[in-house]
Amino acid sequence: MSKKHIHFELFGEQQEVAIIRLTRGAKRNALNDGLILALRDLFEKMPASVRAAVIDGEGEHFCAGLDLSELQERDASQGMFHSRMWHAALEHVQYGPVPVIAALHGAVVGGGLELASACHIRVADDTTFYALPEGSRGIFVGGGGAVRIPRLIGTARMTDMMLTGRVYDAQDGERIGLAQYLVPAGTAFDKACELAVRIADNAPMTNYALTHVLPRIADQPADQGFMTEAMMAAIAQSAPAAKERVRAFLEGRAGKVRKG
Ligand code: 1HE
């Protein structure tokens, strides 16, 4: 299936991995309203077979952020509703039906970094660079970046990126926590797919706990977090999938943990 500027396909033996590709390479995958709404729709209507998703971008860059040509037209109230539209769409990515892996290369800037931050895992190749040019454009983040990016790299680093226009390269990006994986140029998509297949094989309740419950626990006071954790642990371990996986290990049918 292809919407305008977005390509969607399924792969895997059970069609369990969704590939979502930004296909607006001529504009460096800049995100206009149509693209943001299409992303929201895709996550809202994800086929039931899907257990994990990969987002990448065609061409030399993952995403150049907000389509700046649309910005010129908006007044203050339109600007607020536009930001809220991004929030709603990226909420569907972060708190959607499945774990999402961003395969990064080239520019991951502005709203492109906000999109990547809404994903659960970021795999970056050597060509990746990160920036928040909003600072130098006289604007502010509006796609949830003020909430999500400090949780990845800390408020001080985000402040520096926006005040000074600092650009992080792929190595430093991984060092500070913008990406969890750093791979050779041209291999981020393959690595993301490999991880997606593995994640798709997890018990669904474990994936749900990690994508929907863990970030909420992280935002709770410790006392409430411990209680939420206990309830989630009880629900996860009572699922038939958990019982079977534990039994498989005890009977020598499941893999051991090995050094990577
Ligand atoms: C765009 C955009 C865009 C490229 N909106 N049209 N984001 C930025 O401030 C980043 C702006 N973009 C860049 O710095 C560069 O384009 C890149 C480093 C990403 C890529 O450079 P390059 O040399 O490969 O491409 P280019 O020649 O700059 O761009 C190719 C075309 O894409 C060109 O259009 P053309 O008609 O002249 O061919 C560019 O104008 C167009 N293009 N980026 C519109 N962003 C929810 S709030 C989020 C707020 C933000 O994201 S602000 C940060 C916006």
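Helices (H or I, at least four residues) and strands (E, at least two) are DSSP runs, and they are numbered from the N terminus. This is a predicted model, in which local features need pLDDT of at least 70 and side-chain atom pairs count only at pLDDT 80 or more, while totals for chains, interfaces and linings use all residues. Residues are numbered from 1 along each chain as its sequence is written, and side-chain values use heavy atoms, with hydrogens and water left out.

**The whole chain**

Begin by displaying the entire chain as a cartoon. The chain contains twelve helices and ten strands. Along its principal axes, the C-alpha trace spans about 60 × 45 × 35 Å.

Now switch to a surface. The chain exposes about 13600 Å², of which carbon and sulfur atoms supply 56%; such areas come from the Shrake-Rupley method with a 1.4 Å probe, and for residues only the protein chains shown count as cover. Of the 260 residues, 44% count as buried. Here buried means under 20% relative accessible area, exposed means over 50%, and partly exposed lies in between (1.4 Å probe, protein chains only).

**The two domains**

Colour residues 2-200 as domain 1 and residues 204-250 as domain 2; these bounds come from an automatic or database domain assignment. The centres of the two domains, taken over C-alpha atoms, are separated by 27 Å. How many residues of each domain are in contact with the other? Eight residues of domain 1 are in contact with six residues of domain 2, where contact means heavy atoms within 4.5 Å. Within the chain as a whole, 68% of the contacts between residues at least 6 apart in sequence join residues at least 24 apart.

Most residues other than glycine have a negative phi. Select H5, in the loop between β1 (2-3) and β2 (6-11). The phi of H5 is near 70 degrees, a positive value in a residue other than glycine. H5 counts as partly exposed because its relative accessibility is 25%.

Continue to R28, in the loop between β3 (17-22) and α1 (33-44). R28 also is not a glycine and has a positive phi, of about 55 degrees. With a relative accessible area of 45%, R28 is partly exposed.

Select S69 in helix α2 (residues 68-71). S69 is partly exposed, because its relative accessible area is 47%. Draw a distance from S69 to I121, 52 residues apart along the chain: their C-alpha atoms are separated by 30 Å.

Next, show helix α3 (residues 76-94) and helix α4 (residues 111-118), whose axes come within 8 Å and cross at roughly 35 degrees. Axes are lines fitted to C-alpha atoms, for helices over the stretch in contact, and angles run from 0 to 180 degrees between N-to-C directions. Display the side chains of W86, L90, V93 and Q94 on α3, together with G111, E114, L115 and A118 on α4, for these make the contact.

Remain on α3 and select S83. Is S83 buried or exposed? S83 counts as buried, because its relative accessibility is 19%.

**The last stop: L178**

Finally, select L178, in the loop between α8 (170-176) and β10 (181-183). L178 counts as buried, because its relative accessibility is 0%. Which residues is L178 in contact with, leaving aside its neighbours within four places in sequence? They are L113, R122, Y130, I153 and G173. The C-alpha atoms of L178 and A116, 62 residues apart along the chain, are separated by 8.9 Å.
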